[in-house]
Amino acid sequence: YFRGMTEEETAILTDIMQHSGDVLQYDDVSGYWHCSWVGDYSSYEVHHDKSFDYILKENGEAVLVKYTGYNPYIVLPEEVGYPDINYGVVTEIGSGAFTDTNVTKVILSNTIKRIGNYAFKNCSTLTSIEIPDSVQEIGNGAFYLCSALETITLPESITQIGPKAFKSCHALKTINWPSQVKYVPADAFI
């Protein structure tokens with residue numbers, strides 16, 4: 001809940017929340033702002049390991065929802081579990097999963113289909129990310145404020161790039177465009 005916010009603060013927060021899948025509502029009775037996450041995974045099982053938190057879905061897929069480790073070099077696993085015990089295949093990096101972390105290089109597994117909204121927001125030390133051919137969508141603000149990111153190669157499998165996906169990536173010098181992307185939001189790079 002947020003109380004006593006100015007109209008400008010509310011507009012900024014509402015914009016951020018709309019792009020991250022959150023909903024901001026004002027409660028006239030209490031005078032508080034209430035934030036609720038639209039992509040509610042509360043009914044799913046959560047799995048924790050030494051570096052990641054995952055949501056395990058009933059269909060055998062897993063969503064990486066939070067990076068909890070400290071290593072700046074990350075290779076994402078294809079599966080959640082232990083040797084000979086598979087809890088699910090990692091198919092998505094959830095909203096804000098790496099936000100504000102000190103990652104420098106990330107290699108995504110070839111099972112990832114979607115990079116969620118603001119997944120790597122404010123990863124100011126991220127210089128390199130390897131995106132496999134399995135990725136189809138890059139969410140809103142996925143690499144917002146990744147100020148050290150210089151080059152990114154997008155695979156032909158990508159069909160959708162969200163608003164603000166590469167906003168404030170001031171060091172970005174090289175990016176290719178997959179032929180399947182038919183629309184690029186005007187604010188994808190501003």
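1. Nonpolar surface patch. In this predicted model, Tyr-82, Ile-85 and Tyr-87 make up a nonpolar patch on the surface. Together they present about 290 Å² of accessible area. Tyr-87 belongs to strand β8, residues 85-93.

2. Salt bridges. The count comes to four.

3. Lys-113 and Glu-61. These two form a salt bridge, with the closest N and O atoms 3.5 Å apart. The pair connects distant parts of the chain, 52 residues apart. Lys-113 sits in the loop between β9 (105-107) and β10 (114-115), while Glu-61 is in strand β5 (residues 61-67). Lys-113 is partly exposed at 38% relative accessibility. Glu-61 is partly exposed too, at 21%.

4. Arg-114 and Glu-92. Here the closest N and O atoms of the salt bridge are 3.4 Å apart. Arg-114 in strand β10 is linked to Glu-92 in strand β8, 22 residues apart. Both residues are buried.

5. Arg-114 and Glu-137. Arg-114 also meets Glu-137 in a salt bridge, at 3.1 Å from N to O. Glu-137 lies in strand β12 (residues 137-138) and Arg-114 in strand β10, so this pair ties together parts 23 residues apart in sequence. The burial classes need care. Glu-137 has 21% relative accessibility and counts as partly exposed. Arg-114 has 19% and counts as buried, because buried means under 20%.

6. Network. Through shared partners, salt bridges join Glu-92, Arg-114 and Glu-137 into one network.

Key:
Residues numbered from 1 in each chain as written. Predicted model: local features only at pLDDT ≥ 70, side-chain atom pairs only at ≥ 80, totals over all residues. Heavy atoms only, no water. Patch = residues over 30% accessible without salt bridge, like charges linked within 9 Å, V, L, I, M, F, W, Y side chains within 5 Å. Areas by Shrake-Rupley, 256 points an atom, 1.4 Å probe, with all protein chains shown as cover. Salt bridge = Lys/Arg side-chain N within 4 Å of Asp/Glu carboxyl O. Helix = DSSP H or I, 4+ residues; strand = E, 2+ residues; numbered from the N terminus. Buried < 20%, exposed > 50% of the residue type's maximum accessible area, 1.4 Å probe, protein only.
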